[in-house]
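Here are my notebook entries from a look through this structure.

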Amino acid sequence: MPEGKIVKALSGFYYVQTEDSVFQCRGRGVFRKNKVNPLVGDYVEFEESNIGEGYIIDVKPRKNELIRPPIANIDQAIIVVSATQPGFSPSLLDRFLVLIESKHIDPIIFITKMDMVKQAEVEKINTYKANYQKIGYPVVSLSTKDSELLSEAQAYFKDKISVIAGQSGVGKSSLLNAINPTLSLETNEISESLGRGKHTTRHVELLDMNGGLVADTPGFSSLEFNDLELENLPDCFPEMRELKADCKFRGCMHNKEPKCAVKAAVDVNEIPSYRYEHYLQFFEEIQNRKPRY
């Protein structure tokens, strides 16, 4: 039975790539019955029906999956944030980081539009960049006009399946087009009155990118922590994860407990205060989340 990877999902069809070709497949009715939904990135077994066509009969176990965007078996998430238009938001960046950490996917941060920022803002953004690098995140400052910076970003795609995350208008499609001009992905200019971009991407597809694959997706349509349990939140902050053994109480939530190593690290600026503030905001958000039945 032939096997392959789903590289595109569109209008009920799954495009399965094998070593030498791509098959347009449908899912068997048994999937709907068993509530199995094939995703882009899935490794599948299929049955050939006609030349270039077939039916998916089995989906192999996944190492991870995202619901929005719907994709499986991701190696890394590249979070694209812009230095300006829209302005750099550490709060939004931390939200993306927590969502990705909660799925056990490696995050990489790309900061775009650095060529459009005033010098005073550059220094501020470089301070943020240093903070995230200290935590252990790879961070690349980018301008689509700087080929040296683009080649640095390009190297991260090799031999990886990547998903791109970031708010609308930060230049995700422009960045991918600059790295691989053959893509010709649709982009839209920022709507100045709204201060944000318009959605241009409509379906999920894995595209060739410098020896790897990248998902051109509608992005994270939900940035809420619906699937994240409160006790798992501290582990989504790597700098807190490293210190938890030094807290007095096992299972310390780094909130109101005494002799907390994380709060002590914030007091001496080992952990940036804004990171801890965002942690407390997310803590409260999850704590006050309405129960689902």
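**Whole chain**

I counted 8 helices and 13 strands in the chain, taking DSSP runs numbered from the N terminus (helices H or I, at least four residues; strands E, at least two). The radius of gyration is 21 Å, close to the 19 Å of the globule rule for 293 residues, so the chain is as compact as a globular protein of that length. That radius is taken over C-alpha atoms, and the rule is 2.2 Å times the number of residues to the power 0.38.

A note on sources: this is a predicted model, where local features need pLDDT of at least 70, side-chain atom pairs count only at pLDDT 80 or more, and totals for chains, interfaces and linings use all residues. Residues are numbered from 1 along each chain as its sequence is written, and side-chain values use heavy atoms, with hydrogens and water left out.

I found that buried residues make up 49% of the 293 (buried: under 20% relative accessible area, 1.4 Å probe, protein chains only).

**Val-44**

I looked up Val-44 in strand β4 (residues 43-50). Val-44 is buried, at 1% relative accessible area. Leaving out residues up to four places away in sequence, its contacts include Pro-2, Ile-6, Val-16 and Ile-56 (contact: heavy atoms within 4.5 Å).

**Helix α8**

I checked the length of α8 (residues 273-287): its 15 residues should span 21 Å at 1.5 Å a residue, and the end C-alpha atoms are 21 Å apart, which agrees. The expected span is 1.5 Å times one less than the number of residues. Among its buried residues are Tyr-274, His-278 and Phe-282. The buried residues of α8 pack against α2, α3, α6 and α7.

Definitions and conventions. Buried < 20%, exposed > 50% of the residue type's maximum accessible area, 1.4 Å probe, protein only.
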